[in-house]
Amino acid sequence: MVDTRVTLSGMELDNPVIPASGTFGYGYIFSEWYDINCLGSFSFKGTTLHPRFGNPTPRIAETPGGMLNAVGLENPGVERVISEELPRIQEVFSKKVIANISGFSLEEYVACAQALDAQEQVGILEINISCPNVHGGGMSFGTSPEMAARVTRAVRDAVKKPVYIKLSPNVTDIVAIARACEEAGADGLSLINTLLGMRIDLRTRRPILANRTGGLSGGAIFPVALRMVWDVYEAVKIPVIGMGGVQSARDVLEMMLAGATAVQVGAANLVNPLACKEIVDELPGEMEKLGIQELKQIIGGAHHG
């Protein structure tokens, strides 16, 4: 019998499979398809201090091997997430969740993080400094080591629960930013968020997305994500949650060999609502084929082979 358990900063997961923020809502819609308690955890929809309508439509464009999105952090704001969404999550999910948090100033990041830090259901605070689809916030905090460190330090000093910083691939040196976050007190890192991209409508000769650019996700970005997880794992001592184009149990194992302790699944949920369940179901069989008895023993294994 194989052991799929992993641990993130003291939070033990039955398996490393975590639906990524923005692709799983608050979980209860997916609970109509399957028992979501089979998941290790899930990162709920990105939350800001105040409600956000998001970007104008069109917000989605298809691409070969993936999709572009420019939703723009649409969410009801942290007060309603706490008063309305968390109780609904509790009805369908008995484990700790990951709270994904965005902001437009240090003060907003801190206030939102403190509010969610106080919630029993929340196990980890995932601080998103990497959203490419909002102006004046999100990725603007994650493109320099200095700004990334400032956000990390401000949140870490204000909360008690583990703080994971979600990093952008749209930078020259993701390793420098990862190290800055670690030095500023981050308990872990999540990477990668989406890659900036765009499409043009040949008939209108205009960008398809109203925002002009959007975040590229899906299978096309898996090799980029894998390389960045590898590089960051070699540079830091804190846990890494890997994501970007993960579509199968074999992708999960590959990401863990590169250095991920757990793995988030994003765009695959939008193509197939059963994607995460299928990955969880397939994981033990793939481990047995490859002679893996304990999943946690392969974390970073490709660096030492």
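Predicted model: local features only at pLDDT ≥ 70, side-chain atom pairs only at ≥ 80, totals over all residues.

Visitor: Which strands does H1 lie across, and at what angle does H1 run to E4?

Guide: H1 lies across E4 and strand E7 (97–101), and runs at about 165 degrees to E4.

Visitor: In what order do the strands of the open sheet come?

Guide: The order is E3-E16-E15-E10-E9-E8-E7-E4, 8 strands with parallel pairing. Strands E3 (17–19) and E4 (43–47) stand at the edges; each has a single partner strand, so one side of each lacks a neighbour in the sheet. On average, neighbouring strands are turned by 25 degrees against each other, direction ignored.

Visitor: How many bridges join E9 to E10?

Guide: There are 3, between residues 163–166 and residues 188–191, and the two strands run parallel. Ile 165 stands opposite Leu 189 in E10.

Visitor: Which residues does UniProt list for "binding site"?

Guide: The unreviewed UniProt entry lists Lys 45, Asn 69, Ala 70, Val 71, Gly 72, Leu 73, Asn 128, Asn 193 and Thr 194. Of these, the lining of the largest pocket includes Asn 69 and Val 71, among others.

Visitor: Is Asn 69 buried or exposed?

Guide: Buried means under 20% relative accessible area. Asn 69, in strand E6 (residues 66–69), has 19% relative accessibility, so Asn 69 counts as buried. Val 71, in the loop between E6 and helix H1 (78–92), is partly exposed at 22%. The backbone nitrogen of Val 71 lies 3.3 Å from a polar side-chain atom of Asn 69.

Definitions and conventions
Residues numbered from 1 in each chain as written. Heavy atoms only, no water. UniProt positions renumbered as here; feature names shortened; annotations may be inferred. 1 Å grid on protein atoms, 1.4 Å probe; cavity = no way out; pocket = protein on both sides within 12 Å on 5 of 7 lines; lining within 4 Å. Helix = DSSP H or I, 4+ residues; strand = E, 2+ residues; numbered from the N terminus. Buried < 20%, exposed > 50% of the residue type's maximum accessible area, 1.4 Å probe, protein only. Polar contact = N/O pair within 3.5 Å; in protein donor to acceptor, adjacent residues only side chain to side chain. Pairing = 2+ DSSP bridges. Axes fitted to C-alpha atoms, helices over the stretch in contact; angles between N-to-C directions. Contact = heavy atoms within 4.5 Å.
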